[in-house]
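Here is a briefing on a structure with its sequence. Please look it over, then read the points below.

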Amino acid sequence: MGSRRRNLFVLLFVIGLVVVSGLIIANKETKLGLDLQGGLELVYQGQTTRAGEEVSGEDIDDSISIIERRINELGVSEPEVARLGQDEITVSLPGVTDARRAEEQVGSTAQLYYYDWQANLIGPEKVIAGNPGLQPPAGALKASEKRWEDAERPTTNELVKQLVFAGAYPTAYEAAQLAAEQEPVENCEECSVARPRYYLFEKAEPHDLIAGPELAKKDLYVSPTGEKRPKNGTVVEVPPGTIVVSEYPTNEAGELDESIEPGWYALKDEPALSGNDITDPEQSYGPNNEPLVSFGFTDDGQAAFQEVTRRIAQRGQANAIGPVSGEEAEQLSHHFAVILENEVKTRPIINFAENPDGIDGRTGAQISGGFQNLQEAQDLATTLQIGALPINLKLISQTQVSATLGSEALDQGITAALIGLALAILFLVAYYRFLGLIATIALLAYGVIFFALINLIPITLTLPGIAGLVLTIGVAADSNIVIFERIKEEVRAGRSMSSAIAAGYRHGISTIIDANVLTLLTAFILFVLATAGVKGFAFTLGVGTIVSLLTAVVFTQALLGNMGRSRLLRSRSALGASGEGKKWTFDFIGASRWFFSMSGVILLIGGFALATKQLNFGIDFESGTRIKVALEQPTDEEGVRDALEEAGVAADGEIQQVDDPNLGDNVFQIQSHQLEPGEVRKAEAALIDEFGVEQDGFDSTSVGPTFGQQVADSAITALIFSLLVICGYIALRFEPKFAIPVLIAILHDVLITAGVYSLTGKEVSSGTVAAFLTILGYSIYDTIIVFDRIRENIPRMPRAAFSQIVNRSMSDVLTRSLAAGFTTLLGVTSLMIFGGAVLQDFAFAMLVGIASGTYSSIFIASPVLTAWKEREPGFIRRRARIAEMEGGRVPAYADEIEMAKLSRDDEPEVVSSPSAAAPAAQAEPGAVATVERTETGNGVGSLGDGDDEGAENGDGDAESAERRQRNAERRARRKARRKHGRR
Amino acid sequence: MALLVFFIMGIALWHFTVFVPDRFWQGIVGAFVGAVFGSVIFGWIVQSASGKSMGDTDLSTALIAVPGTLIGLAVVYAIGMRSEEHPG
């Protein structure tokens, strides 16, 4: 296929793609993330209850399937349930506001267990309650009553008395102590939990329960209540084979009465049946219209149910002496207990008079009396219908976003993205004229195709995703800038337009591919390793980078290729390529010691700031709860604090009024230790009562310590992997010595950013880290472009010192670096100004990253590379020879010595460099790479490894003198030409 | 956090090695390695010996890194000089 036909084909293909994309955008809605439409996000960590086993992928997949079915019952539209890492599940529920109900429905294990109650009771409680209907031994009863009195739970209370006669302990500590004394049952397959469980109690009496049961001891201190937990509390380990359960007394209506604290029991963990043995659970009503849950049994369940109820009935029968009345039989009958989540839901008797042979499992069974309201019974029935989770789920993070705040964030994000795009277009057109127009068409095509892909895949668009989108606009524009600068160079070197375009793309493409591959790799690492919120950012960036390669490189090449001979492209000024262009003559390497010093001072300041002020980590890392609320009535921080305290919400942190005109004049942000869902609701209710809350004006985020630690770990892992991958890629594409300066430059950027964040006190969130990590990939774009040009210039300048090669290379690409950096900064600045709070957070990280990255690629990476490469024997000899020729000094830029050589390379663009020799006279000795290295052990005369050995071996003093003479004559001629106004 | 402070101080001081004759083992990159390892290892030893946790930082944490960095740089410089005097 000829190039003209290929270009036409590409053009038609992209135009077709844009049309199809337009149709997709018109017909398919964009899927918005929770942060843009409001809702609830829950993150759970899976924990297995089986001994010696880890949570498997199958467990997580099964749990996801069950959670999805539970959510369907909640009636949530477009929920998302996804696996996160190895053992976590993230649940996004758009539009959900009742966090507590959602949490109970989604994350409860919901595994019911059925116990033969009296047979499993252990310890003194069995002495008291082991034989219902018979008077318990007086001594045991008296001891029990004393325990209750000691626990300040007077037995005069009827409900307490009920618990005393049931043999319960007044505190969890006593029941747990009893359970802890039992022999462990190893590899217990019948147990509900085959692993030890841990409880944390207050050290001081009465040893209040602080946390538990947990499957891992460390979880006692990091469980999501967020309260400060005493490290010196008493930990009790309950061995497998025994469980601790609680039970509330029942009132006259037979319902659980939660007005008092429950009683506690230790039980042998030998359930007769489990929730797996039941079928068709449904919510129904009892004779007194009370809500209950009825269900049937599987075949195995029927047999097991009949068997256990028969055993219970026979034990009751054995207590009866002779014939008994129905009422006596009821009192003498033993119990059957239904336990859910370590709580007795119901404990009916098995009346031996009515069911002497047990209860026929075919008639099913029911749970009654254990519900506070109809909704609770309905939820339990639904949960039982769907089935139990195969693992325990521990809630480690919860975020609730109001619809208003989400919509506001979306508007701000779109505004910022559009303004960023418009500014980038304005700059491109102003600077590159016609080429800028081509870039604009490419950017618009990019925007349409990319947005269609977002709708088509679909990519859930989140705030971090919008930040990624804005960044990809910069990436796309940068690709164009790299090529356009090369085209301008070729045009200025005298090539025809079509040849300049071809050469520009040929030279630019490898640079762009290198840079884009690194951006893609960073995005990929972030996507794989980062937490949920960051994934959207990484995915958007990755897809955007690929699309930008199509539109900014392939499409523009086809467009320009077709127009190469058109009149529009004949004028150099129409391309912004009139004149000789800006030739930088600055001695970058010579001045680098001063830039090194500047960086050193900045880092020292950063180091002292970090040591004294540390970093202001957000709740993503530190855990806690953040509430943003828009109040109807004006108040101040104290007013909000008082309202919360009156409601009993322990918001111990910072309360501050924040400026958010979109939400009104009375917007407050409350930061505290992590509040439980119930407390968040209490806080909302208190604020509504006291001041009124604007419609959808309540927004909360809770992050548990486990999740915070995980965010930090994933950030560090992503950083390390990014560095390794970037270094590996550069070592492969360039040479290993090029990788180390890049690594040093990246560390320099990371530390400067850390210092800036410490100094400014700005909050470091997971988004900040993600934005910065991605910027690293993007900012080494500059380094790659400088290094690419160095690699290109090394064989072209076989007699130049390495510092001269680097100076020349940086001079060649500095305009591009500044133009690209400026275009990206336009987008980032737009985010800073128009993007709203969250995007501003991203933008600040990007701003610091871009500034530091651009600076370090020029003033850190290249000088380090120079200093290192100049130690190579070949370059040592070159320096020595140049110094000898130039009277002991090494000029910053190579003069006609290599220019003469270059003229034989048939490379027009580097032949003319009128100002190249000018700075030579001003170059200062002693800079990083221009320091004379006469002291080194690898000095003149050692064996060379350069590619220029052959060229250098014939040099001698006579030749040097001849060259000096020739150069002096050329300088004189040039000076004369300048004097007469000719170039 | 203390390790981060040692690290940043080591790298900060490394920047000033451009004013020292380049006789470090492996040049500027060797100096980088010496500065970083010196500051982090010395800082870690002193921090541990003083009974402070690695999470606690104050002005002294930053200052601790200075002698560590200088020791690290001196070691790398000495190795560099030695290898110049005894090449191979």
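α24(A) passes α1(B) in a left-handed crossing (left-handed if the near helix is turned anticlockwise from the far one by less than a right angle, right-handed if clockwise). The model is predicted: local features need pLDDT of at least 70, side-chain atom pairs count only at pLDDT 80 or more, and totals for chains, interfaces and linings use all residues. Residues are numbered from 1 along each chain as its sequence is written, chains are lettered from A and ligands numbered from 1 in the order in which they are written. Helices (H or I, at least four residues) and strands (E, at least two) are DSSP runs, numbered from the N terminus.

**Where the chains meet**

- Helices α24(A) and α1(B), the latter spanning residues 2-14, pack at about 120° with axes 11 Å apart. Axes are lines fitted to C-alpha atoms, for helices over the stretch in contact, and angles run from 0 to 180 degrees between N-to-C directions.
- That angle makes α24(A) oblique to α1(B). Angles under 35 degrees count as roughly parallel, over 145 as roughly antiparallel, 65 to 115 as roughly perpendicular and the rest as oblique.
- From α24(A), the contact uses A:L747, A:H748, A:L751, A:A754 and A:G755. B:L4, B:I8 and B:I11 of α1(B) meet them. Two residues are in contact if their C-beta atoms, placed from the backbone, lie within 7 Å.
- This helix pair's contact residues divide into 6 nonpolar, 2 polar and no charged. Ala, Val, Leu, Ile, Met, Phe, Trp, Tyr, Cys and Pro count as nonpolar, Asp, Glu, Lys and Arg as charged, and the others, Gly among them, as polar.
- The contact between the chains takes 31 residues from chain A and 27 residues from chain B.
- On the chain A side, α19 (588-613), α24 (736-760) and α27 (836-869) are the elements giving two or more residues. The largest share, 13 residues, comes from α19(A).
- The chain A side divides into 16 nonpolar, 11 polar and 4 charged residues.

**Chain B helices**

- Helices α1(B) and α2(B) pack at about 145°, with axes 8 Å apart. Their crossing is right-handed.
- The residues of this contact include B:F6, B:F7 and B:W14 of α1(B), and B:F32, B:V36 and B:W44 of α2(B). They divide into 14 nonpolar, 5 polar and no charged.
- Just after α2(B), B:G51 takes a positive phi of about 80°.

**Strands of chain A**

- An open sheet of 3 strands has the order β6-β5-β7 in chain A, with antiparallel pairing. Two strands pair if DSSP finds at least two bridges between them.
- β6 (209-214) and β7 (234-238) stand at the edges with a single partner strand each, so one side of each lacks a neighbour in the sheet. The twist averages 15° from one strand to the next.
- Strand β5 (residues 197-201) is joined to β7(A) by 5 bridges. The bridge partner of A:Y199 in β7(A) is A:V236.
- Helix α9 (residues 172-180) lies across β5, β6 and β7 of chain A, at about 50° to β7(A).
- Elsewhere in chain A, 6 bridges join antiparallel strands β11 (residues 278-285) and β12 (residues 291-297). A:I278 stands opposite A:F297 of β12(A).
- The β11(A)-β12(A) hairpin has 5 residues between the strands, and A:N289 there takes a positive phi near 65°.
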